[in-house]
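Please look through the sequence and the model below before reading on.

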Amino acid sequence: MSYGFKKVITLKELLSLEVSASMWIGIDFYESKWSILKTRSAVLKRFNMTMEELRADLKFSAAIISCATHRILSFTQVLLDILSSKDGSLSGEARGPSDPPAVTLITLNPDLYYSSTHPTVRLGPKAEEIML
């Protein structure tokens, strides 16, 4: 699901490279350091880059929310960091009030709520877009 973008990276792959990006990383990887290393190894192999090269190269021009996101806490933290940077990087300089956004937020599913077997209504992708 690249939508014409040259490089696409998932939240899980990004978190495996930037383990301090979210305080919820332990939950995201089920407290498994092995899972983090396995994910990191796979993404570095896919891009054929070292960790330092890939981290330096990560400047986002778009973020796509395709469905109700798994890892919602880390997703929100990481996406807010990226959206608030001047250059679309995870740890870039913060945008000021007059700086244009560097990242386009794309929501593919307009559902504000969705039903599930959970006893209360669940927030959908549109809710995440509104929050951000």
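The buried residues of helix α5 are Ser74, Phe75, Thr76, Val78, Leu79, Ile82 and Leu83, where buried means under 20% relative accessible area, exposed over 50% and partly exposed in between, with a 1.4 Å probe and protein chains only. This is a predicted model, in which local features need pLDDT of at least 70 and side-chain atom pairs count only at pLDDT 80 or more, while totals for chains, interfaces and linings use all residues. Residues are numbered from 1 along each chain as its sequence is written, and side-chain values use heavy atoms, with hydrogens and water left out.

Helices (H or I, at least four residues) and strands (E, at least two) are DSSP runs, numbered from the N terminus. The table sets out two of the helices, with the expected span taken as 1.5 Å times one less than the number of residues.

| Helix | Residues | Span, first to last C-alpha | Expected span |
|---|---|---|---|
| α3 | 33-47 | 21 Å | 21 Å |
| α5 | 72-83 | 16 Å | 16 Å |

Ile72 also lies in α5, and at 36% relative accessibility Ile72 counts as partly exposed. The C-alpha atoms of Ile72 and Glu128 are separated by 8.8 Å, although these residues are 56 residues apart along the chain.

In helix α3, the buried residues are Ser35, Ile36, Thr39, Arg40, Val43, Leu44 and Phe47. Seen down the axis of α3, these buried residues fall within an arc of 160°, so they line one face of the helix; the arc is that of the directions from the helix axis to the C-beta atoms. The buried residues of α3 pack against α1 (11-17), α2 (25-28) and α4 (51-57).

Leaving aside neighbours within four places in sequence, Leu17 is in contact (heavy atoms within 4.5 Å) with residues including Ile9, Arg40, Val43 and Leu44.
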